[in-house]
Structure formats: structure tokens, C-alpha cells
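Here are some notes to read with the structure open beside you. Take the points in order.

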Amino acid sequence: MNNITGFAYDSEEILKAIAKKHTESDVTIYGRKDQDLTTTIFSPLKFPDKISSLTDSVSLSDFNIVGMSHVDRFLGEVIIALDLLGKERGFIPVKDDMDISSIQRITRGSVLSKYEHFNGSPMEMMGKIESMARDLKRKEEGKVSVIIDHFFKVKSVGTVVLGFVESGVLKKHQNLYLNPTGKIGQVRSIQMNDIDFEEAPAGSRVGLALKNVEIDDMERGFKLQEEKIEPVKDISGKIVYHSAIGEDLKGDGEYFIAGNLRYQRGFLKDGILEMDRPAVKNESYLLVKPNSKPRIVGKIILAD
């Protein structure tokens with residue numbers, strides 16, 4: 001079974017044709033199940049009002065569908081996010097009346113210049129996504145890490161989480177740390193597309209029934225991992241600003257870190273980002289200034 005995750009912006013017609021709506025909050029999650037492929041697509045429902053709706057939606061994507069029916073500063077923020085995250089696989093849906101030279105001008109120098117200008121049917125695009133899925137390399141040899149995107153209580157079942165297996169092979173009855181809290185939970189059951197499984201490989205979208213942890217212990221972006229990972233309070237590393245960002249938006253001050261389904265506040269001073277509260281440890285984060293234009297300004301790559 002192959003699994004692939006996507007991000008879609010300004011592409012509602014395509015989404016409705018190739019997938020069904022599954023979960024909706026500030027992010028809408030669509031899903032599709034074929035014989036040997038499960039496709040999950042995030043769409044930023046509350047963007048542009050809520051910038052974290054965009055950063056959460058784009059965090060986990062293997063491919064991206066970016067419509068250009070509205071060329072404005074919000075499309076610019078989408079391009080900046082994809083650029084900073086190095087998201088090089090994708091499609092730009094085009095119609096016969098669209099000016100391709102304008103699209104090329106808008107995307108020049110960004111990762112979107114590598115996207116396919118697609119003028120076929122939604123199902124033809126789905127065929128291309130299936131080909132991408134076959135070429136993906138997953139980290140199945142590493143330790144188990146599951147990133148959580150939704151969680152809730154189910155009567156007679158208990159705590160249930162939805163998420164993605166980032167690495168390793170998740171197994172039923174496995175004990176895992178809920179990071180950054182450090183609490184230990186047990187995987188009581190694993191479901192994929194409402195079917196029970198004994199294990200789930202990297203890349204899988206899963207629903208898990210958990211023992212010994214409560215929904216009050218969780219937030220979006222928390223992780224179930226084999227090792228206890230200490231949260232980070234002060235973040236230091238290499239700061240990279242996007243080329244579209246002016247000097248007035250750089251330097252010390254308030255920033256929000258975003259990415260891997262997390263969004264929280266910190267203050268940059270002398271190259272160290274001091275967080276309001278401990279953060280989940282990731283390799284890098286987007287840097288967001290919620291009151292600036294654009295709001296996404298760069299990223300910080302953590303020091304080893």
C-alpha cells in the first residue's frame with residue numbers, strides 16, 4: 001500500500017473531483033482510496049484570515065496543487081511558504097484563456113517554476129499523482145514517529161488521534177512517548193480507511209485508539225515517538241529570510257514559529273529565539289510575523 005500527501009490552494013474543482021472531504025477545522029482534509037494508494041490532501045480553509053491555516057496545510061505535503069485564478073498578496077504568501085520549505089513537486093492548473101507568460105513571470109525564481117502547467121482532466125492529474133507516489137522514499141528503517149493533526153474522545157473507545165506516520169513502522173500495542181509532554185501512551189488499535197491493521201508503515205495516514213493519554217494532553221503537531229524528546233525553550237540556528245523580504249522585516253523582535261502542524265510565539269534576540277513556552281523539536285521552522293506584509297518572512301534551521 002502506497003500513501004501520498006498533498007496541499008491544494010485555489011483548486012476546489014479539482015479537489016471535489018478527485019477526493020472526498022474527511023475532516024474540517026481551520027484546515028480541510030480530503031482523502032481518496034484506490035486499490036494500492038491512499039491520497040490525503042490538505043486545504044487551508046481559514047486562510048488568508050489565519051496564516052497558521054496555510055502553514056499547517058503545507059507542512060506535510062509530498063505534492064502541491066496551486067491555482068492562480070486570484071493573483072494577489074495571498075498567493076504570494078503561498079509561494080513564499082512553498083519556496084522556504086523546498087516543495088518542488090506540483091501542478092499549476094491552467095485553462096485555455098490563461099496567460100502562461102504571466103504565470104511564468106509570477107513563478108520565476110521560485111519552486112513553482114518547476115511545477116507542471118496542467119491542462120488536463122482531474123483524473124489525468126490523479127494518474128500523475130499515482131506515479132509520484134511510486135517514486136517516494138519513506139523512512140521506514142528509522143524509529144517510529146507519528147505527527148498528530150486531530151484528536152477527540154469516542155464513547156466506548158476512549159482517546160482517538162488522527163495523524164501521519166513520519167518514520168518507522170508503527171505497531172499495535174506499541175508504547176510511545178507523547179512529545180513534548182513525555183507521557184507514555186499505548187497504541188490500542190490502528191485503522192487506515194476504517195480498516196483495522198496490526199501495523200502501519202511510514203507515510204500512512206492513521207487513526208489510533210490510545211491508552212493512558214487524554215485529549216487534554218494534546219495539541220496539533222504533538223508527536224508519538226519511541227524516544228522521549230525534550231522540548232526546546234530557546235531556539236538557535238541559521239536564519240534564512242526569503243528573497244522577497246525587505247530589510248524592515250528582518251532582525252530582532254516577535255516571531256511565530258510554524259511548520260509540522262505547530263504555530264507558537266517567540267522573541268528573537270541576538271540570534272536566539274526565546275519561546276513563550278516549550279516547543280516540539282523539529283529540524284526547522286518557518287518564521288512568521290503576523291502583522292507584516294507578507295506574513296511569512298523566512299525560516300530558522302536548528303543548530304545540531
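1. Start with a term. Two strands pair if DSSP finds at least two bridges between them. Strands of a sheet pair through backbone hydrogen bonds, either parallel or antiparallel. Now apply the term. The model is predicted. Strand β18 covers residues 253–259, and strand β19 covers residues 262–269. Seven bridges join β18 and β19, and the two strands run antiparallel.

2. Next, find the barrel. Which strands form it, and in what order? Follow β17-β20-β19-β18-β21-β22. These six strands make a closed barrel, and their pairing is antiparallel. From one strand to the next, the twist averages 40°.

3. Now look at β22, which spans residues 296–302. β22 pairs with β17 in the antiparallel sense, over five bridges. Here Y241 stands opposite G298 of β22. β22 also pairs with β21, again antiparallel and over five bridges. There V288 faces I296 of β22. Is β22 mostly covered or mostly open? Mostly covered: of its seven residues, five are buried.

4. Helix α2 (residues 51–58) lies across β18, β19, β21 and β22. The direction of α2 is at about 110° to β19. Helix α3 (residues 73–85) packs on the sheet as well. α3 touches β17, β21 and β22.

5. Turn to the largest pocket. Its volume is about 1,400 Å³. The pocket is lined by 42 residues. Closest to the pocket's centre are L60, K139, E166, N260 and E283. Which element gives the most to the lining? Strand β9 does, with four residues. Several elements supply at least two residues each, among them α3, β8, β16 and β18. β21 and β22 also supply at least two residues each to this lining.

6. Check H150 in strand β8, which runs over residues 145–154. Is H150 buried or exposed? The cut-off for buried is under 20% relative accessible area. H150 has 13% relative accessibility, so H150 counts as buried. The side chain of H150 makes a polar contact with the side chain of D149, at 2.6 Å. Leaving out residues up to four places away in sequence, H150 touches T23, S25, I29, V160, V161, L162 and R220.

7. Compare that with D276, found in strand β20 (residues 272–279). D276 has a relative accessible area of 46%, so D276 is partly exposed. Which residues does D276 contact, beyond its neighbours within four places in sequence? They are K233, R265 and G266. With R265, there is a polar contact between the two side chains, at 2.8 Å.

8. One last distance to check on screen. Pick the C-alpha atoms of D276 and L75. The two residues are 201 residues apart along the chain. Their C-alpha atoms are separated by 30 Å.

How values were computed: Residues numbered from 1 in each chain as written. Predicted model: local features only at pLDDT ≥ 70, side-chain atom pairs only at ≥ 80, totals over all residues. Heavy atoms only, no water. Buried < 20%, exposed > 50% of the residue type's maximum accessible area, 1.4 Å probe, protein only. Polar contact = N/O pair within 3.5 Å; in protein donor to acceptor, adjacent residues only side chain to side chain. Contact = heavy atoms within 4.5 Å. Axes fitted to C-alpha atoms, helices over the stretch in contact; angles between N-to-C directions. 1 Å grid on protein atoms, 1.4 Å probe; cavity = no way out; pocket = protein on both sides within 12 Å on 5 of 7 lines; lining within 4 Å. Points joined across faces, edges and corners; volume = space filled by probe spheres on them.
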